Amino acid sequence: MRVKMQYSVELDEVPKETRRLISRANGEIHDAGDHMDDIFVFIDSGTDYENMLDSIDQARKNLAEADFRLGDAEAILQGYMQAKYALPQEQHDFGQIQEQLEALKGAIPSVAGESDEQP
């Protein structure tokens, strides 16, 4: 069963953490390549189909694991890029906003004091 894990690191540590994931993916890809070499040996011998099927299964599992790691690394790097290069959000001065709201209220004529009669 696969589970999602979450933990935090400093922003400048993200590339190093991502490198670790990519390195693991690379190892899985190398292992899949080793299984592929075995498959060719089994094909050439023409008799060891059980081990050939096992090597195919193992190569596919290695490639799937590499894909998971690369997907994780991609998502992490996208978040990193957003955090590192995003424009800072505008800071609102709520005191100034409140003053502007009060000024607008003062500029609107009072409806309660006006009559409904037309001139």
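Ser55 is buried, as its relative accessible area is 6%, where buried denotes under 20% relative accessible area, exposed over 50%, and partly exposed the range in between (1.4 Å probe, protein chains only). The model is predicted, so that local features need pLDDT of at least 70 and side-chain atom pairs count only at pLDDT 80 or more, while totals for chains, interfaces and linings use all residues. Residues are numbered from 1 along each chain as its sequence is written, and side-chain values use heavy atoms, with hydrogens and water left out.

Ser55 belongs to helix α2. Residues up to four places away in sequence being set aside, Ser55 touches His35, Asp38, Ile39 and Phe42, a contact being defined by heavy atoms within 4.5 Å. His35 is located in helix α1. Although 20 residues separate His35 from Ser55 along the chain, their C-alpha atoms are 5.3 Å apart. Beyond its neighbours within four places in sequence, His35 is in contact with Ser55, Gln58, Ala59 and Asn62.

At the level of the whole chain, the secondary structure consists of three helices and zero strands, arranged α-α-α from the N terminus on. Helices (H or I, at least four residues) and strands (E, at least two) are DSSP runs, numbered from the N terminus. The mean pLDDT of the chain is 86, and 87% of its residues reach 70 or more; pLDDT expresses the predictor's confidence in each residue, from 0 to 100. Among the elements, α1 has the highest mean pLDDT (96), whereas helix α3 (residues 94-107) has the lowest (79).

Of the 119 residues of the chain, 13% count as buried. Among contacts between residues at least 6 apart in sequence, 69% join residues at least 24 apart.

Thr18 counts as buried because its relative accessibility is 3%. With residues up to four places away in sequence not counted, Thr18 touches Ala73, Ile76 and Leu77. Thr18 and Leu77 are 59 residues apart in sequence, and their C-alpha atoms are 7.3 Å apart in space.

The largest pocket has a volume of about 770 Å³. Of the 22 residues lining this pocket, the closest to its centre are Met5, Tyr7, Leu21, Asp72 and Ile76. On a 1 Å grid over the protein atoms alone, a pocket is an open set of points where a 1.4 Å probe fits, with protein on both sides within 12 Å along at least five of seven lines, and lining residues have an atom within 4 Å of a point. Grid points are joined across faces, edges and corners, and the volume is the space filled by probe spheres set on the points. Helices α1 (14-45) and α2 (49-85) each supply at least two lining residues, and α2 gives the most, with seven. By class, the lining comprises eleven nonpolar, four polar and seven charged residues; Ala, Val, Leu, Ile, Met, Phe, Trp, Tyr, Cys and Pro count as nonpolar, Asp, Glu, Lys and Arg as charged, and the others, Gly among them, as polar.

Asp72 is placed in helix α2 and counts as partly exposed because its relative accessibility is 24%. Apart from neighbours within four places in sequence, Asp72 is in contact with Lys4 and Leu21. Asp72 and Lys4 are 68 residues apart in sequence and 9.8 Å apart in space, C-alpha to C-alpha.
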